[in-house]
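Thank you all for coming; I would like to take a few minutes to walk through one model with you.

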Amino acid sequence: MHTILPNPSLHKPHNSPSFSCKILINPSKKNTITLPRRHTPPFLPPLLPPSSSPPPSPPPLAEPKIFPLKFEPPKLNPLQKLASLALDMLEKSVVTELEKKHKLNRTVDPEIQLEGNFAPVQECPVQHGLEVIGQIPSTLTGVYVRNGANPLFEPINGHHLFDGDGMIHAVKLDSVNNKASYSCRFIQTSRLVQEAALGRPVFPKPIGELHGHLGLARLLLFFARTRFGLVDATKGTGVANAGLVYFNGRLLAMSEDDLPYSVRITDDGDLETNGRYNFDGQIDDPLIAHPKVDPITGELYTLSYNVLKKPYLKFFKFDTCGNKSRDISISLQNPTMIHDFAITENHVIIPDYQVVFKLSEMLRGGSPVIHDPEKVSRFGVLSKDDHDESRIRWIEVPNCFCMHLWNAWEEINEDDDETLVIIGSCMSPPDSIFSGSDESLKSELSEIRLNLKTGKSTRRVIVSGMNLEAGQVNKNKLGRKTRYAFMAIADPWPKCSGLAKVDLVTGNVTKVLYGDEKFGGEPYFVPSTKEGKEDEGYLMSYVRDEMKEKSELVIVNASNMKQVALVKLPKRVPYGFHGTFVSSQDICNQSSC
Ligand SMILES: [Fe+2]
């Protein structure tokens with residue numbers, strides 16, 4: 001009944017046990033599955049329920065057992081059944097057949113996007129008693145969580161890495177007993193739950209599928225299915241796969257295509273999706289994946305963008321109790337891709353780059369995400385206290401595209417001019433992660449200075465000859481001047497061969513390289529104390545040994561960049577996006593709903 005091995009042609013072999021049939025199905029449970037007949041074999045088995053009570057601890061590094069969960073398919077009336085059959089037939093015999101004739105570029109080719117350790121895994125209930133080498137620092141008593149894209153189903157056609165369903169990998173660290181446990185769970189988005197119940201993907205993939213006329217056809221199919229009540233888009237269509245932030249008692253998982261999802265960390269170190277979180281009815285717009293928590297005030301600053309209607313961009317914030325400020329609409333000529341922004345002590349800095357959304361490009365057969373060479377990149381500066389955009393100051397920074405901004409602060413320059421300093425990784429070509437440009441991608445750690453008196457900008461590369469992405473500064477210093485940035489060495493792109501501590505003044509780089517055929521991701525920095533030295537704390541990253549096919553969590557002392565501990569993980573952890581650390585105290589203080 002379950003043909004659940006991935007298409008052999010899709011994956012280059014990595015011999016991961018997570019794709020072996022024998023662990024995808026628990027023989028003792030398989031008769032309980034009553035999913036509808038599938039037209040597309042599911043990539044992964046059905047979701048697992050979060051454990052309500054601690055499971056018995058298996059021996060260290062034992063292969064996790066999988067317990068499929070029954071998802072009820074929707075009950076359809078006769079008209080819906082007819083519509084469903086007709087639309088399925090249209091999709092299979094027309095849209096999918098036409099898609100097969102189109103050659104995919106590498107940015108949306110699933111064979112490339114999901115190759116090796118980018119391939120998805122299945123859920124894993126909590127595994128205790130992991131082997132720990134070295135000593136877990138006392139600072140790290142809590143849970144390290146990292147989000148990533150992990151498609152539940154094998155892609156039908158185009159798939160971009162960013163399109164995958166959100167999955168969080170969690171390692172609970174107990175420094176007193178030097179113990180660690182691991183679990184990973186899908187974020188149970190509305191989209192994921194509906195697709196799991198249907199047994200196949202039906203929601204369009206914004207980057208991988210929505211190209212040209214066939215992208216429009218996919219959109220129309222989706223609208224038709226929503227029209228007949230076969231799928232429900234009113235509860236969001238997002239994947240929640242990019243960012244994680246702990247704020248006001250909630251761990252929030254975000255992608256910029258939807259509201260955040262609230263995820264609860266259990267006492268046992270497992271993860272439960274509480275649901276789509278609208279801040280008690282205060283928001284109904286998507287939030288970007290990188291909100292900023294001001295370390296002094298505790299407020300959460302964020303943006304929301306809309307690619308279809310004005311205002312294309314809104315800014316707002318939440319106080320420490322989660323009360324939202326009023327929206328500030330930001331006037332933009334076109335909807336723009338804004339993945340990240342920055343705050344300083346008194347300002348908010350909003351980028352408006354040349355990478356824009358032009359849905360009309362789809363009619364011409366292209367991607368709706370394009371580089372607009374006529375546009376000049378610029379940064380908008382608002383005061384944190386502004387109530388509308390009337391005082392926003394736009395300063396041009398030509399040909400600048402930073403997917404991420406790591407920090408910003410205020411300075412008085414040598415001419416006594418008030419200046420904002422921004423630290424980001426500038427990508428070139430700017431749209432290469434979307435367009436499939438053959439030009440090799442560069443992501444250079446850079447300093448951008450905005451002179452608020454003259455309205456001029458300057459930009460300099462801090463570290464050249466090395467791709468530095470996926471990083472951060474000490475979060476207790478966010479918005480204030482920092483000396484260091486902790487970055488992933490994103491070479492060979494898009495893999496990360498090590499982590500780097502960068503002195504932003506001198507440009508000196510202290511590296512930790514993982515070793516031959518070993519690659520990690522974003523290093524997450526946990527400061528030891530609030531008042532301590534800026535680099536006093538620890539860096540963590542999941543690392544994959546591609547040769548030995550083992551995954552581990554590496555912990556490095558950021559002061560001297562020496563490894564202090566390593567946790568061996570029982571399962572393959574794919575490369576992913578962003579993480580955070582939730583202390584044991586914050587876990588105790590989580591909201592119960
Ligand atoms: Fe990001």
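Before the sheet, a word on terms: two strands are taken to pair if DSSP finds at least two bridges between them, and the strands themselves (E, at least two residues), like the helices (H or I, at least four residues), are DSSP runs numbered from the N terminus. Please keep in mind that this is a predicted model, in which local features need pLDDT of at least 70 and side-chain atom pairs count only at pLDDT 80 or more, while totals for chains, interfaces and linings use all residues. Residues are numbered from 1 along each chain as its sequence is written.

With that in hand, strand β3, residues 142–149, runs antiparallel to strand β4, residues 166–174, and eight bridges join the two; within this pairing, N147 has I168 of β4 as its bridge partner. Both strands belong to an open sheet of five with antiparallel pairing, in the order β1-β5-β4-β3-β33. Because β1 (124–127) and β33 (579–583) stand at the edges and each has a single partner strand, one side of each is left without a neighbour in the sheet.

Now to the annotated site: which residues does UniProt list for "binding site"? The unreviewed entry gives H290, H339, H404 and H578, with the caution that such annotations may be inferred rather than shown by experiment, and that the positions are in the numbering used here, with feature names shortened. These residues are spread over 289 residues of sequence, yet they cluster in space, the largest C-alpha distance being 12.5 Å.

Let me take two of them in turn, calling a residue buried if 20 or more other C-beta atoms lie within 10 Å of its own, exposed if 12 or fewer, and partly exposed in between, with C-beta atoms placed from the backbone. H339 sits in the loop between β13 (328–330) and β14 (342–343) and is buried, with 21 other C-beta atoms within 10 Å. Leaving aside neighbours within four places in sequence, its contacts (C-beta atoms, placed from the backbone, within 7 Å) include H290 and H404. H578 lies in the loop between β32 (562–569) and β33, and counts as buried with 23 C-beta neighbours inside 10 Å. Among the contacts of H578, again leaving aside neighbours within four places in sequence, are N147 and E522.

Finally, helix α4, residues 190–198, is largely enclosed by the rest of the structure, because seven of its nine residues are buried. The cover over those buried residues includes β5 (179–186) and β9 (271–276), and the helix is followed by G199, whose phi is positive, near 80°.

Terms used. Contact = placed C-beta atoms within 7 Å.
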